Amino acid sequence: MRADTERTIRTILEASERVLAANPAATMEQLAKAAGVARTTVHRRFATRDALLDELTGWAARQFADAVDAARPDAAPPLVALYQVTANVLRVKTDWSFSMNRAAEDVHPEADRIHAEVRATCIRLFRRAQEAGVLRPDIDLDWTRRVYYALIHEAAKEGAEGSGEADADMLATRVMDTLLRGAGDPSRLGGHTGI
């Protein structure tokens, strides 16, 4: 694909993400206007609105995978990698909230494959973190990973709402603090975690 064609597609996708995050029912004409291109240009690149949405979903999934890979989850020290994965993923989930939510709701083979690969990477990272002593040896890693995903989901919602104070690094610190330290006061629990 030529560089100018790639730039046009990226411009359309980025504008579409912004518009659709605010108005999921936006028309192709509104998306074209936001991208600063003619409606015919959008239709030349994407035959239908569904085709554009599918490409947007795939694009966001690829951004998500790239964000995880950029943290070097299999090579960096586990605590560093876990923090960096968290911050990177929060940036993508905040910037691409419409598309990331669509990927979670719809069947999209490419996005499903990418998310499965990211999940496998996360499992490896959590095992490395446990082996390094970052995570307790007695925890259920699958449960901990799912709690981690829920924390990221909530942090991303806060970031997408644009509260002003919520940047990816601050949110990543909050997620990591909650994951690694929890919300209880250990001095008051006296070693008891069961009820």
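I note at the outset that the model is predicted.

**Entry 1: the whole chain**

I counted 10 helices and 0 strands. I then looked up burial and found that buried residues make up 40% of the 195 residues in the chain. For the contacts, I took residues at least 6 apart in sequence; 66% of these contacts join residues at least 24 apart.

**Entry 2: helix 2**

Which residues of helix 2 are buried? I found Met28, Leu31, Ala32 and Ala35 within the helix, which spans residues 28–35. Viewed down the axis of helix 2, these buried residues fall within an arc of 100 degrees, so they line one face of the helix.

I next asked what the buried residues of helix 2 pack against. Their partners are helix 1 (3–22), helix 3 (39–45) and helix 4. Just after helix 2, I noted that Gly36 takes a positive phi of about 75 degrees.

**Entry 3: Thr86**

I located Thr86 in helix 5, which covers residues 78–95. Is Thr86 buried or exposed? Its relative accessible area is 0%, and because the cut-off for buried is under 20%, Thr86 counts as buried. I found a polar contact of 2.6 Å between the side chain of Thr86 and the side chain of Tyr148. Setting aside residues up to four places away in sequence, I listed what Thr86 touches: Tyr148, Ile152, Ala172, Val175 and Met176.

**Entry 4: Lys93**

I looked up a second residue of helix 5, Lys93. Lys93 is buried and yet has no salt bridge. How far away is the nearest side chain of opposite charge? I found Glu154 at 10 Å, whereas a salt bridge calls for a side-chain nitrogen within 4 Å of a carboxyl oxygen. Leaving aside neighbours within four places in sequence, I recorded Lys93 in contact with Met100, Ile152 and Ala156. Ile152 is also on the list of residues that Thr86 touches.

**Entry 5: aromatic pairs**

I checked the burial of both partners: Trp59 counts as buried at 16% relative accessibility, and Trp96 is buried at 9%.

I then examined Tyr148 and Tyr149, which form a tilted pair at 6.2 Å centre to centre with 45 degrees between the planes. Are these two tyrosines buried or partly exposed? Tyr148 has a relative accessible area of 2% and is buried, while Tyr149, at 30%, counts as partly exposed. I also recorded that Phe126, Tyr148 and Tyr149 form one aromatic cluster.

Terms used. Residues numbered from 1 in each chain as written. Predicted model: local features only at pLDDT ≥ 70, side-chain atom pairs only at ≥ 80, totals over all residues. Heavy atoms only, no water. Helix = DSSP H or I, 4+ residues; strand = E, 2+ residues; numbered from the N terminus. Buried < 20%, exposed > 50% of the residue type's maximum accessible area, 1.4 Å probe, protein only. Polar contact = N/O pair within 3.5 Å; in protein donor to acceptor, adjacent residues only side chain to side chain. Contact = heavy atoms within 4.5 Å. Phe/Tyr/Trp six-rings, centres within 6.5 Å; stacked < 30°, edge-to-face > 60°. Lys, Arg positive; Asp, Glu negative; His and termini not counted. Arc of directions from axis to C-beta.
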